[in-house]
Amino acid sequence: AHQALVLATAVTVRKSMADDGTRSWSVAPYHECVQTQRRSRPVLRAAAAVLSARHERERARTRERALLVMEDLVKSLESPAPSAAARIRYAYSTWFPPGAMLRKELGDHLVSLGMVGAALELFEEIELWDSLIVCLTLLGKKQAAADTIRRRLEVDPTDPKLWCALGDALDLEEHFIKALEVSEGKNARAMRSLARRAALREDWKSAAEYWSKAMKTNPLFPDGWFSCGYALLKADREEEALGAFVRCTQVDPENGQAWNNVAALNIRRQKFAAAHVALREAVKQVATSWQTWENLAMVSAKIGRFQQSARALVKVMDLTGGAKLHVATLSTLVERCKEARSGKDLDWLRKEADAEAAEAKDEQKKLAVLGGIADLALNAADGGDDDDDD
């Protein structure tokens, strides 16, 4: 019973955390605890093995071992030993994936290791047609994939995913249009495929329309907002393009190119303060782009942040070995230096110092908030450890 509770805790931890690369390490102590016990029920040991295999498949050195564990688990489903009476103990108290899901996971693992042929046989055995079609496509057997899709369409002719898969296999646009028809215009995958094909033939008006509809249907598609913004920009719809790039930075804050595009569109609209914010974020992600630093220098000078502009110009010189320099911005900075040396009223210098002090204060507040959150998390973890000890 204690082992079942430990595994339940592992599942709870796994579901409560985002998959940020550290989740499997947080779950590992729980299933390792069960695996090190001398005595354990079959279903408990199998559940711990599944969690262990998922953890080990994330590391290059242990992927093959994880594959062997998954293969043993799949084989054990059809093994006569242990008996059904032994397997049923704690079966309703322990998380364990259904047999079909376990086989699918094994197939996905085989594909990730490049063993597509073995995965193909497994997917065909469990009649997992979508994955089977992907495997056939990866093997270059597009005609075989198309034949398989057509057989499935005879069974279910209103499945938009099958029509999209047929379009991918045969590289025919008409099948994506058919997918839209059977889904009553609601299939985002078909819209994205049609948008990409329109972009390839440089029909930016159609590409922008398809991308806009696709992102309304599924706004969380990772790369969609950037492509949508690019198509809208090419179609001379700058206002909507700016909105798309802003959404892209919200979904993926580490997309430096999206921040650059937000800044460029704001510069076109003479909104230099907004462009300055975007460029500050852009240089964090693309710190080796001298063009981005040059734009930051120019925009900083426009809004009176001359010291920041000077630092950005120095960065441009460092990155280009002195080959590039924005002369207009440098002239502005030279004029400000002359004013400073002449002892004139330096209102701009006081304003900039105040702005930098306010920014530093905001950063300190953010760090304090993050520190408070970290302390809460540590206290919660300590409390959880105490409960486990009890």
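Predicted model: local features only at pLDDT ≥ 70, side-chain atom pairs only at ≥ 80, totals over all residues.

User: Is Leu170 buried, partly exposed or exposed?
Analyst: Buried would need a relative accessible area under 20%, and exposed one over 50%. Leu170 has a relative accessible area of 24%, so the class for Leu170 is partly exposed.

User: Which residues is Leu170 in contact with, leaving aside its neighbours within four places in sequence? And what separates the C-alpha atoms of Leu170 and Ala146?
Analyst: With those neighbours set aside, the partners of Leu170 are Gln143, Ala146, Arg150 and His175. One of them, Ala146, is 24 residues from Leu170 along the chain. The C-alpha atoms of Leu170 and Ala146 are separated by 7.0 Å.

User: Now for glutamates. Is Glu56 buried or exposed?
Analyst: Glu56 is found in helix α3. Leaving aside neighbours within four places in sequence, Glu56 is in contact with Thr62, Arg63, Arg65 and Ala66. The cut-off for buried is under 20% relative accessible area; Glu56 comes to 10% relative accessibility, so Glu56 counts as buried.

User: And which residues is Glu294 in contact with, apart from its neighbours within four places in sequence?
Analyst: Glu294 lies in helix α18, which covers residues 290–302. With a relative accessible area of 17%, Glu294 is buried. Setting aside the neighbours within four places, the contacts of Glu294 are Val316, Leu325 and His326.

User: Let's look at a loop. Is Arg39 buried or exposed?
Analyst: Arg39 lies in the loop between α2 (23–35) and α3. Leaving aside neighbours within four places in sequence, Arg39 is in contact with Gln3 and Arg45. Exposed means over 50% relative accessible area; Arg39 is at 74% relative accessibility, so Arg39 counts as exposed.

User: What is phi of Glu184 near, and where does this residue sit?
Analyst: Most residues other than glycine have a negative phi. Glu184 is exposed, with a relative accessible area of 65%, and has its place in the loop between α11 (173–182) and α12 (188–200). Phi of Glu184 is a positive value in a residue other than glycine, near 60°.

User: Where does Gln270 lie?
Analyst: Gln270 is not a glycine, yet has a positive phi of about 60°. Gln270 is also exposed, with a relative accessible area of 55%. Its place is the loop between α16 (256–268) and α17 (272–285).

User: On to pockets. What volume does the largest pocket have, and which helices each supply at least two residues of its lining?
Analyst: Rolling a probe the size of a water molecule over the atoms shows where empty space is left. The largest pocket has a volume of about 310 Å³. The helices that each supply at least two lining residues are α3 (42–56) and α4 (63–77).

User: How many nonpolar residues are in the lining of the largest pocket?
Analyst: Residues lining the largest pocket include Pro42, Val43, Leu73, Ser76, Arg87, Thr94, Trp95 and Phe96. By class, the lining has 2 polar residues and 1 charged residue. The nonpolar count is 9.

User: Stepping back, how many helices and strands does the protein chain have?
Analyst: The chain has 390 residues, of which 36% count as buried. Its accessible surface comes to about 22900 Å², with 54% belonging to carbon and sulfur atoms. Among contacts between residues at least 6 apart in sequence, 45% join residues at least 24 apart. The secondary structure comes to 21 helices and 0 strands.

Key:
Residues numbered from 1 in each chain as written. Heavy atoms only, no water. 1 Å grid on protein atoms, 1.4 Å probe; cavity = no way out; pocket = protein on both sides within 12 Å on 5 of 7 lines; lining within 4 Å. Points joined across faces, edges and corners; volume = space filled by probe spheres on them. Helix = DSSP H or I, 4+ residues; strand = E, 2+ residues; numbered from the N terminus. Nonpolar A, V, L, I, M, F, W, Y, C, P; charged D, E, K, R; others polar. Buried < 20%, exposed > 50% of the residue type's maximum accessible area, 1.4 Å probe, protein only. Contact = heavy atoms within 4.5 Å. Areas by Shrake-Rupley, 256 points an atom, 1.4 Å probe, with all protein chains shown as cover.
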